[in-house]
Amino acid sequence: MKDSIKNYYLEEAEDIFERLGEARYRARQLFSWLYAKNVSSFDDMSNYSKDLRSKLTEEFSVSPLVLEERLLSKIDGTEKFLFKTEDGHFIESVLLRNEASDDGRLTICISSQIGCAMGCTFCSTAKIGFIRNLTVAEILDQIIHVRRVTGLLNNNIVFMGMGEPFNNYDNVIKAANIMNYSFGFHISVRKITISTCGILPAIKRYVKEKHLFNLAISLNDSDPALRKINMPVENKYPIKEVADFINKNPAAGYNRMTIEYVMRKDNISKKNAEEINKLFKFAHVMLNLIPLNSPECPVKKDIEKFMQYCSIMNIPIIVRKSLGSDISGGCGQLAGKKYSGGSGEIIEV
Ligand code: SF4
């Protein structure tokens with residue numbers, strides 16, 4: 001497998017061009033081809049000489065992912081993208097069309113690993129186990145493919161697909177920084193959210209390094225005993241310790257913090273709301289409530305009751321819609337598999 005040119009920061013790409021006997025400014029042209037013009041071959045970079053194009057092709061690849069399947073939800077317009085890696089594995093990304101944010105942008109949910117080691121019981125990715133981390137290029141290529149086939153250029157990015165982003169810390173941060181470059185995708189730090197199940201050492205590092213991307217913590221259970229069952233990370237890094245750290249480090253590095261809470265029938269009592277309230281000092285966070293994508297999802301009336309209980313926290317609370325359920329594109333449903341039937345529509349790629 002050739003190294004992808006998308007694995008590099010601008011300064012690193014400048015060094016590569018210098019090593020190849022070329023001017024350093026060629027790297028800026030490269031970034032424009034890759035991230036603004038979505039070009040997928042060195043041969044299409046028309047302001048490079050034939051000699052430079054062949055030197056680059058000899059050493060580097062451009063696009064490490066092949067788009068295998070594009071699937072459209074008939075229920076809500078969500079799209080799911082299945083990609084094949086060069087070593088034959090599958091990963092997925094999701095375009096959340098009906099979840100436009102306040103500014104009208106749509107959201108691309110991307111993967112950071114092939115499989116995942118964290119073993120959350122509600123998650124299809126967990127069943128794959130951990131295979132490997134995605135490279136920077138593989139993380140970025142998901143966005144490039146989605147933008148290319150949809151024509152969408154104005155989007156939010158959430159690291160909430162397959163994998164635990166903070167178990168692939170260096171590549172995730174590097175990819176997020178490249179997304180933010182003004183001559184690349186130029187996505188604001190406020191439009192990029194990194195989600196974690198609560199890997200405390202990585203959260204501490206993230207805060208210490210003062211990154212400005214939004215941070216989301218998957219809570220899902222306020223009762224530690226239940227959380228241990230549903231999210232084994234609780235055994236190693238109890239959410240109480242994560243919350244204590246966050247409470248003591250308000251807005252130290254992250255731009256906005258959200259607590260993600262997938263609602264089941266058995267975790268939306270008044271007691272649950274009080275426990276969440278006790279865990280976090282809520283001045284600087286937002287609570288995202290997400291209905292579980294399964295028959296265990298609570299009914300509307302109970303969700304409304306839970307929202308009322310949660311109002312004691314006096315913070316913004318958003319109930320997300322459960323999207324893409326007919327194409328297994330919802331929270332916890334990504335399994336890196338070809339579509340095996342349902343009401344979704346396969347779009348030719
Ligand atoms: S929910 Fe996230 S952290 Fe948990 S197993 Fe699934 S991908 Fe991993």
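Residues are numbered from 1 along each chain as its sequence is written. Since the model is predicted, local features need pLDDT of at least 70 and side-chain atom pairs count only at pLDDT 80 or more, while totals for chains, interfaces and linings use all residues.

Turning to the chain as a whole, the protein chain holds 12 helices and 15 strands, which are DSSP runs numbered from the N terminus (helices H or I, at least four residues; strands E, at least two). Its radius of gyration is 21 Å, close to the 20 Å that the globule rule gives for 349 residues, so the protein chain is as compact as a globular protein of that length; the radius is taken over C-alpha atoms, and the rule is 2.2 Å times the number of residues to the power 0.38. Along the principal axes, the C-alpha atoms of the protein chain fill a box of roughly 70 × 45 × 35 Å. Of the 349 residues, 45% are buried, a residue being buried if 20 or more other C-beta atoms lie within 10 Å of its own, exposed if 12 or fewer, and partly exposed in between, with C-beta atoms placed from the backbone. Among contacts between residues at least 6 apart in sequence, 68% join residues at least 24 apart, where two residues are in contact if their C-beta atoms, placed from the backbone, lie within 7 Å.

How is the protein chain divided into domains? The assignment gives domain 1 (3-61) and domain 2 (66-347), with bounds that come from an automatic or database domain assignment. The centres of domain 1 and domain 2, taken over C-alpha atoms, are separated by 32 Å, and 11 residues of domain 1 are in contact with 14 residues of domain 2. On the side of domain 1 that touches domain 2, helix α2 (residues 26-36) provides the largest share, 5 residues, and the residues of that side divide into 5 nonpolar, 4 polar and 2 charged.

In soluble globular proteins, nonpolar side chains tend to be buried together. In this model the largest nonpolar core has 90 residues, and those with the most contacts inside it are Leu140, Ile143, Ile157, Val172, Ala175, Ala176 and Met179; such a core is a set of buried Ala, Val, Leu, Ile, Met, Phe, Trp, Tyr and Cys residues joined through C-beta atoms within 7 Å. Domain 1 (3-61) and domain 2 (66-347) both give residues to this core, so it lies between them. Val172, taken as one example, touches Ser112, Ile139, Phe159, Pro165 and Ile194, not counting residues up to four places away in sequence.

Several single residues show a range of surroundings. Ile203, which lies in helix α7 (residues 200-208), is buried, with 22 other C-beta atoms within 10 Å, and, leaving aside residues up to four places away in sequence, touches Thr196, Val242 and Phe245. Ile303, in helix α12 (residues 300-310), counts as partly exposed, with 16 C-beta neighbours inside 10 Å; beyond its neighbours within four places in sequence, Ile303 is in contact with Met263, Pro291, Pro298 and Val319. Glu12, by contrast, has its place in helix α1 (residues 10-19) and is exposed, with 12 other C-beta atoms within 10 Å.

Phi of Asn38 is near 55°, and Asn38 is found in the loop between α2 and α3 (50-59), where it counts as partly exposed with 17 C-beta neighbours inside 10 Å. Phi of His186 is near 60°; His186 sits in the loop between α6 (169-180) and β10 (192-196) and is partly exposed, with 13 other C-beta atoms within 10 Å.

Note on methods: Nonpolar A, V, L, I, M, F, W, Y, C, P; charged D, E, K, R; others polar.
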